[in-house]
Amino acid sequence: MNRTTGAAEGTAGPQPARGEGGADAAFAGAPAALAAVDRTGVIVQANRAFTEAVGVSAEELAGRPWPDLLSGADVGRAWDLHRGAFKRLEPRPRAVGLVRPDGERRRLTVRVRALPGADGASGAAAAVVMLQETVRDEEAVRALTELRTAGSDTALWSLDLSTGRIRELFGPSPLGRMLAGDARDLEALLVRVHPDDIARVRDAVEASHLGRDYEQRFRMTDLVGDERVLHAKARYVEGPTGPRLVGVIDDVTEHVQLIRRLADRRRIEAAQGRQVTELAAKLVSATTVDEVTGLLAEDFVPIFGGSAAGVMLVEDGVLRPYPTARVRAGTEPLIDGRDAADAAYPMGAVVQDRQPRFFESRAEMLERFPAAEPLMARSSSQSWATVPIFGDRRVALGVWQVAWDRPHHATPDERALMLTLAGLAGQALQRVYRQLEELELADEVQRRMLPPQIPHVGDLDIAVRYLPARAGWRVCGDFYDVIRLPGRRVGLVVGDVQGHGVEAAAAMGQIRVAFRAYATTEADPGAVLAETNRLLTETGEIVFATCGYLVLDLDSGRMRAAWAGQPPAIIATEDGYEAWEVETGPPVGVDSESKYSVTERVLHPGETLLMCSDGLVESSEVSMDDGLAATGEALRSMGADVHAAATTLAALAPAGRGDDIAILIARMSG
């Protein structure tokens, strides 16, 4: 026993209570340097390892505050660590300096942890302090660091927060030399940080003065003027010379550039995908051969990075270049009219076996097709892709050729996309060909259904126009007619049969014939409509039509009109216009018992009469009032010339071209 302290030899503090000898013995013999302290920091008990670490005997340690064992500024940091332990904080171990009584300086790591259930009484153990010697093997660390950083874009650095001086740990690295050179001052380095990043870098450094770790990604110009993207991380360390940041900096420029390239590539691919979708939709909706071939020859080329493209279609066994509006240049004049079965040339070979051809160089092209040398002499292209355009049953309608002005390897994705687009083009061409055949038939039917020629009527100028809807129909049910009647009278008719197509045109022909037949025997316009209505309802066909019929007396200008759901007529002068609201009945063909009233007025000299189908003045986007107003204004400005007025109104089409339009304009002459 130590007679001075009453503690077991090698320990400081009071003797343990009965029953605690085993625990006290374990504490005393623990290999770690441990000391039990009270809330005021006074050492209550210390084991042998602790006394050996600090070089102070057990007698001298008793009743002494443990932070006082340290040196310099570490005393204050130790007290902060001690107080923090009782606030239930979890501070990191701190490296501290200690000068032993024999003059030896030692670097130790200190940890403080409050004991659970400590009552805080003076002299009672409330916390445990553990000291651990910091092992230094700088040569080993230096060797490992140099191996890790040699040849890499990494540098280890240290920043003294008190002086702003920065240095590289274990000597300059290649990255450090490129970034800092001989500069050692933080401000000198911050000058080369990107202006957009400088505020963040400075704020993070300021935060480190409060004991925070550091991490930032920023841009900086190196000594040769290249911009680099850097990622810096550092740990806040309190040392004998003051606080500092110790960390690592990595050059992540290539990584960032790779990410940007990938992002750019994704954006480009997404944009190309949208472009392909949009152009494919145009291909599907194209209505002419030139539209289809123009998309292939012009719009699709940038998707593949090509410099030129052309389309050759098979017509009467020979190749013809398209689109027709394009100026013929390069090889096209030599190919125009060439036999489509001539397999000595790549176009003919593709037409014959319906297999695509891809050539990455001129030499490759000439090796396979020597006869193509005259064509290549007219071309500066270096690579080609020649793809068949298929129709039904894989009949080749033509070929699509894309050219590049440099050697180009068509990837599998490019080849698949070309074949897909060529397939869509083939479907579009076949649809256009069928539409052309239908339109030829439709034009013939329309010519036969409408009056071939308006009769000349003395003292009356008449102009008519018929416009099919742009929705694709050419055979429609709108019609007009001018009927000579006895006694210097003339009958004017405009109508609109429900529907489109051959059936509507056939019904329109029936109604025109009926009008003519009844008009020659019936003087009353209402009776003519009633008889036509009865005829349509008795046929049993579900056909109805809106129409307007008026009889004009050329001597008096008297007009007698009967309307069946037709838009109002317009009467215009140079001073203005009005919509003549003729009393109307239901469309003909709806109710066999319908009656039609007659409305009268006089067409005075200088007045111009317009009768039209509803396609001119009404649509889903334009109300009839607005359409009538626009039509009336146009008619007022040039009603004196009925033919010019008809042409203007046909071009104006106030309600659009979503429906058929029939126009009849009449003006008393003299």
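The legends below describe close-up views of a predicted model.

**View 1. An open sheet of 5 strands.** In this view the strands follow one another in the order β16-β26-β25-β21-β22, and their pairing is antiparallel. The edges of the sheet are taken by β16 (460–467) and β22 (576–580), and because each of these has a single partner strand, one side of each is left without a neighbour in the sheet. Direction ignored, neighbouring strands of this sheet are turned by 20° against each other on average.

**View 2. The pairing of β16 with β26.** Strand β26, which covers residues 661–668, runs antiparallel to β16 and is joined to it by 8 bridges.

View 3. Helix α18, made of residues 624–638, lies across β21 (569–573), β22, β25 (608–612) and β26, and it runs at about 35° to β21. Helix α19, made of residues 642–652, also packs on the sheet, where it touches β16, β25 and β26, and its direction makes about 20° with that of β16.

**View 4. The largest nonpolar core and the surroundings of Leu609.** This core holds 53 residues, of which Leu460, Ile462, Leu492, Leu550, Leu552, Leu609 and Leu664 touch the most other members. The element that gives the most to the core is helix α16 (residues 502–519), with 7 residues. When its neighbours within four places in sequence are left aside, Leu609 is in contact with Leu492, Leu550, Met559, Ala569, Ile570, Ile571, Leu603, Leu664, Ile665 and Ala666.

**View 5. Strand β6 and its two partners.** Strand β6 spans residues 154–160 and is mostly covered, with 6 of its 7 residues buried. With strand β10 (residues 242–251) it runs antiparallel, and 7 bridges join the two; within this pairing, the bridge partner of Asp160 is Arg244 in β10. Strand β6 also pairs in the antiparallel sense with strand β7 (residues 166–168), here over 3 bridges, and Trp157 has Glu168 in β7 as its bridge partner.

**View 6. The hairpin of β6 and β7.** The two strands form a hairpin with 5 residues between them, and in the turn Gly164 has a positive phi of about 75°.

Technical notes: Residues numbered from 1 in each chain as written. Predicted model: local features only at pLDDT ≥ 70, side-chain atom pairs only at ≥ 80, totals over all residues. Heavy atoms only, no water. Pairing = 2+ DSSP bridges. Helix = DSSP H or I, 4+ residues; strand = E, 2+ residues; numbered from the N terminus. Axes fitted to C-alpha atoms, helices over the stretch in contact; angles between N-to-C directions. Contact = heavy atoms within 4.5 Å. Core = buried A, V, L, I, M, F, W, Y, C linked by side-chain atoms within 4.5 Å. Buried < 20%, exposed > 50% of the residue type's maximum accessible area, 1.4 Å probe, protein only.
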